[in-house]
Each structure stands twice: as structure tokens, then as C-alpha cells.
Amino acid sequence: MANVSIVMGSDSDMPVMAQAADVLKKLGVEFEMTVISAHREPDIFFEYAKTGEARGIKVIIAGAGKAAHLPGMCAALFPMPVIGIPMKTSDLGGVDSLYSIVQMPSGVPVATVAIGGGTNAGILAARILAVNDGELLGRLKEYSENLKNEVAEKAEKLDQIGYQEYLSQMKK
């Protein structure tokens, strides 16, 4: 049964939302994913958000651009955590989406990650679930340790070959 619902207002958001799905999959967290529009199909959206808890959903990750109402509307209808991912937009670079998601009224919070921050949204959802799941917490600790080791390996390589060679290898 899915614990996390990943929802986006447009399939153009899929590359960012897939980052959240990828990290959840890597961490062994069950999720569902859909495209739904709060503006174009409000009746379907309301049913989706209101039935999330009954479907076993514990966290919603909602991505949206421009007016970015999807995360806030999820938070208005779903009683558990909602994580908003602002999408980069052609008009204002995603700042419009960021402001829309982060400026929620009192009583309707949405945790918000960086513009295009799909990976962090997935990690944050997993951390929320790990509060009551020791095995997941262990996998998160291992994930963090792997990130630390990757940085150490890069630093060692830089020390060994110098910045010019390192840079030339990055360009390949």
C-alpha cells in the first residue's frame, strides 16, 4: 500500500517529480503517482485529496508551477503533511511558484523545498515516515553516509589529479 502520493498539475512536471519517485524507490517507500489539476478538474481533485487518508497515504508531495495552487489545495483537504515542489517557470523562473506555495495562510501549512527540488521532497517525505519506522530510518542513515562517502571520494580524486585534470574529466 502506498504511503506517499506524488501529484503534479501537468505532465511537464514529470522530470522533477520523477526525482522524488526515484529516491522513494531507492529507500523502499511505497508511493503512487498521478497527474491531476485543481483548476481543470476540481471535482476529481477534491475526491483525490479527501480520500488520501483512507487510501493509506501519510504524505503528499505536490508539484506545481505558476499560480501553484495544487500543494495548498492538497493541504486544505488532506489532514497530514504536504510537501510542495515549486516548478521552474519560463515567466519568472519559478519564483512565482515558490511564493505561491510558501505563502500559505495560517492553519494550512505546506512544507516547501527548493524550485525543482524533487529529490529533497522525496527525502523529506521519507524522513517524515521514518519517525515511526526504524528500518526506514536505517536506510536514510545509509543514504546519507553514501552521500558523505561520494564527497570524500571526489575530494581525494581532486587531490590526486589536480583541478585542471578533474575539470577536463568532468567535461567528458
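## Reading salt bridges, a sheet and a surface patch

Mentor: K66 and D91 form a salt bridge in this predicted model, with their closest N and O atoms 2.8 Å apart. K66 lies in the loop between β3 and α3 (70-77), whereas D91 lies in the loop between β4 and α4 (95-102), so the pair ties together parts that are 25 residues apart in sequence.

Trainee: How exposed are K66 and D91?

Mentor: K66 has a relative accessibility of 44% and counts as partly exposed, while D91, at 52%, counts as exposed, because the class of exposed residues begins over 50%.

Trainee: What is the general idea behind such a pair, and how many salt bridges does the structure hold?

Mentor: Side chains of opposite charge can pair when their charged atoms come close. The structure holds 2 salt bridges, and one of them joins the side chains of E32 and R55, at 2.7 Å from N to O. Here E32 belongs to strand β2 and R55 to the loop between α2 (42-50) and β3 (59-64), so this contact ties together parts that are 23 residues apart in sequence. E32 is partly exposed, with a relative accessible area of 24%, and R55 is likewise partly exposed, at 28%.

Trainee: Which residues form the nonpolar patch on the surface?

Mentor: The patch consists of L92, V95, Y99, V102 and I115, which together have about 450 Å² of accessible area. I115 is placed in the loop between β5 (111-112) and α5 (118-130). With a relative accessible area of 32%, I115 is partly exposed, and it can be counted in the patch because members need over 30%.

Trainee: What does the UniProt record place on this chain?

Mentor: The UniProt record, an unreviewed entry, places the feature "domain: PurE" at residues 2-151. Over residues 2-151 the chain is 46% helix and 15% strand, and the end C-alpha atoms are 32 Å apart.

Note on methods. Residues are numbered from 1 along each chain as its sequence is written. This is a predicted model: local features need pLDDT of at least 70, side-chain atom pairs count only at pLDDT 80 or more; totals for chains, interfaces and linings use all residues. Side-chain values use heavy atoms; hydrogens and water are left out. Patches are made of residues with over 30% relative accessible area and no salt bridge: like charges are joined within 9 Å, nonpolar side chains (Val, Leu, Ile, Met, Phe, Trp, Tyr) within 5 Å. Accessible areas come from the Shrake-Rupley method with a 1.4 Å probe; for residues, only the protein chains shown count as cover. A salt bridge is a side-chain nitrogen of Lys or Arg within 4 Å of a carboxyl oxygen of Asp or Glu. Helices (H or I, at least four residues) and strands (E, at least two) are DSSP runs, numbered from the N terminus. Buried means under 20% relative accessible area, exposed over 50%, partly exposed in between (1.4 Å probe, protein chains only). UniProt positions are given in the numbering used here, feature names are shortened, and annotations may be inferred rather than shown by experiment.
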